[in-house]
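Hello,

Here is the structure I promised to pass on. Please open it alongside this email, as my notes follow below.

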Amino acid sequence: QVQLAESGGGSVQPGGSLRLSCAASGSIFGITVWGWYRQAPGKQRELVASIINGGSANYADSVKGRFTISRDSAKNMVYLQMNSLKPEDTAVYYCKLSGMVSLMFREYWGQGTLVTVSS
């Protein structure tokens, strides 16, 4: 079983920055994709950014050039650096890990951390 714990959310003014962190514990052998999703009030959860073991990253068009996903494999951490934040970035942000674990595809979600961008 994998447990995820996000941190780093909070309130920030437009144009500001935040850095989200996600700590993974448990057996992560087989996990290949580390990602961040978000869900705004009244909207569906959407992919923000993901990174594959080996370093290939993918971003939603709405955050390209502003957000950066990174991993620290030694610490089993994944980060989301968010710059030039906009009010439309307001959402609960979730960390998600996925991969083949014990010959089965598995997904693990964190509990979420709230990001509020407002003046």
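Two strands count as paired here if DSSP finds at least two bridges between them. Strand S9 (residues 91-101) and strand S10 (residues 104-109) pair over 6 bridges, in the antiparallel sense. Keep in mind that this is a predicted model.

The hairpin
S9 and S10 make a hairpin, with 2 residues between them. Serine 102 sits in the turn, and its phi is positive, about 55 degrees. Valine 101 has methionine 104 in S10 as its bridge partner.

The fold
The protein has 11 strands and 0 helices. Reading along the sequence gives β-β-β-β-β-β-β-β-β-β-β. Take the contacts between residues at least 6 apart in sequence: 53% of these join residues at least 24 apart.

Size and packing
What radius of gyration does the protein have, and what would a compact globule have? The protein has 14 Å. A compact globule of 119 residues would come out near 14 Å, so the two agree. The C-alpha trace spans about 45 × 25 × 25 Å along its principal axes. Of the 119 residues, 41% are buried.

Surface and charge

Best wishes

Methods: Residues are numbered from 1 along each chain as its sequence is written. This is a predicted model: local features need pLDDT of at least 70, side-chain atom pairs count only at pLDDT 80 or more; totals for chains, interfaces and linings use all residues. Side-chain values use heavy atoms; hydrogens and water are left out. Helices (H or I, at least four residues) and strands (E, at least two) are DSSP runs, numbered from the N terminus. The radius of gyration is taken over C-alpha atoms; the globule rule is 2.2 Å times the number of residues to the power 0.38. Buried means under 20% relative accessible area, exposed over 50%, partly exposed in between (1.4 Å probe, protein chains only). Contact means heavy atoms within 4.5 Å.
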